[in-house]
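Biologist: Could you take me through this structure, starting with the overall picture and then moving to particular sites?

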Amino acid sequence: MNIKIEEAAQHLSEVIQIKSLSSRIYEEIDFEPFLKIHQWLKDTYPLIHQQANIEVINTGALLYTFKAKAPKKLPLLFMAHMDVVPVDEKTADQWKFEAFSGTIDNRIIYGRGAKDMKNQMVAFFEATELALKEGKEFDYDLYFCLGYDEENGGLNGMAKIVEHLKQQGIKIGTVIDEGGTINNGVMGIPGEFALIGVSEKGFANVKITAKGIGGHSSMPPIHTALGKVCKAAALLEEHQMPIVVSDVFKEMMNTLKPFLPSEISSSLDIEDSRKVEAMVANMSSANALLRTTTAVTMAQGAPAPNVLPSVASVMVNFRIIPGDSIDSLVSHIREVIGDEFELEFQQRSEPSKISLMDEEYQLLQQTIKEVCPELKAAVPFVMVGATDSKYFDDICDHIYKFGPFKCSDEELKTVHGVNEFLRFEDLELGIRFFYQMLHNYVK
């Protein structure tokens, strides 16, 4: 494997310079940047474009298909999104280099998309181009899927690709998408661990509304409409949904157990939900892995401080753990706050299914360890954020959300933030991972 990392870094720099912003509304999307990326991919990876069948889906999404002569197992699919989030104008002057410059400095590539997730796209294109250059022939079908609106829900891009695959009756063996990374200090344990998302939470933005008597605030009722919804919000914070000790959490803790201090591991009983709840009570990140979380985020009342609101509302964002559902969430809300409030779901998505942790999962673990031998372990977890890979639930049982790059908690703050960057060595690690995955998938 002869990776030309300076060349690969230059490629990532070039695609970062294409300012590819998207929208939830199809008619508002400027497709010119995405069409530029299409042409850039064609110019940069000629062997891929000679050997793959390439389809443009719904104007801007791309589906690459490499057909094997005699496939030995279900297809392997790598996916990424070409869109990035915009840069907050208030923080633009805090960037070390202009956010879409793709500046390379001291073997670091800077710019929006360096970590989320043009890096992953470049990594699997580089790996596949290299494999083809070496004469690799696939004995399985290989797919690349590139969406253009993941940051806005993915309904126009990746969802349409999956719809197209379903119409052709195609089933996928393994999907690899963005998700967990290689992180140092998982749950306070020193050393590096790979975090593999095997499921992701659903979500619901619920607007809770109460009506009251409007008028002047000099003669208020005991409880105004705003007071009522604020009380409802406080009740929802105080009465959280119960924890769900899933098979994913059990496997995660069993994998981590050998690395925990003996005083903790000896008393760890993941079958006792009360002990588990006590253990994570003050750990917000671990708590989020175990239950549907409740976050009161917005409130609206009267237009002036001396006016009684005739209508008031709060917005609550719930992140729904696999094992719960939209229906169970509604039942919980009603049980906690009663029936006097109006509930309006402004956005909602059920949790994804939990991918199998079988031999295909073990193959992924093995591949990660081969390219990162200093790794302590590869650990499954439930993603708390949303990805485009959820759309594959109906056609794939092995959906793994993993970005093969090292990323500390501090560096993770640059994603959607200021000074997003990627080191040369992390890009090289990503290329090595995808190259090895291409070779390991069928042995």
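**Overall architecture**

Modeller: The protein has 14 helices and 17 strands. Please bear in mind that this is a predicted model.

Biologist: What share of the residues counts as buried?

Modeller: Of the 443 residues, 55% are classed as buried. The protein exposes about 19600 Å², and 50% of that area comes from carbon and sulfur atoms.

Biologist: What part of the contacts with a separation of 6 or more comes from residues 24 or more positions apart?

Modeller: Such pairs account for 80% of those contacts.

Biologist: Let us change topic to the second largest pocket. Which residues lie nearest its centre?

Modeller: They are E7, E126, E129, L130 and K133, out of 14 residues that line this pocket. The space in the second largest pocket is about 250 Å³.

Biologist: What is the make-up of the lining of the second largest pocket by class?

Modeller: Six of the lining residues are nonpolar, three are polar and five are charged.

Biologist: Staying with helix 4, I see that T128 is found there. Is T128 buried or exposed?

Modeller: T128 counts as buried because its relative accessibility is 0%, and the cut-off for buried is under 20%.

Biologist: What does T128 touch, leaving aside residues up to four places away in sequence?

Modeller: With those left aside, T128 touches I48, F66, F138, L142, F144 and L438.

Biologist: What classes of residue line the largest cavity?

Modeller: Seven are nonpolar and one is polar, with no charged residues.

Biologist: Next, R291. Where does R291 lie?

Modeller: R291 sits in the loop between helix 10 (284-288) and strand 11 (293-300). With a relative accessibility of 8%, R291 counts as buried.

Biologist: Which residues does R291 touch beyond those up to four places away in sequence?

Modeller: R291 touches K201, Q240, M241, P242, I243, E277, R319 and I321.

Biologist: Last one: A312. In which strand is A312 found?

Modeller: A312 is in strand 13, which covers residues 311-320. A312 is buried, at a relative accessible area of 1%. Not counting residues up to four places away in sequence, A312 touches I208, T209, A210, A225, L226, V229, Q300 and G301.

Biologist: And how far apart are A312 and T255?

Modeller: In sequence A312 and T255 are 57 residues apart, and in space they are 47 Å apart, C-alpha to C-alpha.

How values were computed
Residues numbered from 1 in each chain as written. Predicted model: local features only at pLDDT ≥ 70, side-chain atom pairs only at ≥ 80, totals over all residues. Heavy atoms only, no water. 1 Å grid on protein atoms, 1.4 Å probe; cavity = no way out; pocket = protein on both sides within 12 Å on 5 of 7 lines; lining within 4 Å. Points joined across faces, edges and corners; volume = space filled by probe spheres on them. Nonpolar A, V, L, I, M, F, W, Y, C, P; charged D, E, K, R; others polar. Helix = DSSP H or I, 4+ residues; strand = E, 2+ residues; numbered from the N terminus. Buried < 20%, exposed > 50% of the residue type's maximum accessible area, 1.4 Å probe, protein only. Contact = heavy atoms within 4.5 Å. Areas by Shrake-Rupley, 256 points an atom, 1.4 Å probe, with all protein chains shown as cover.
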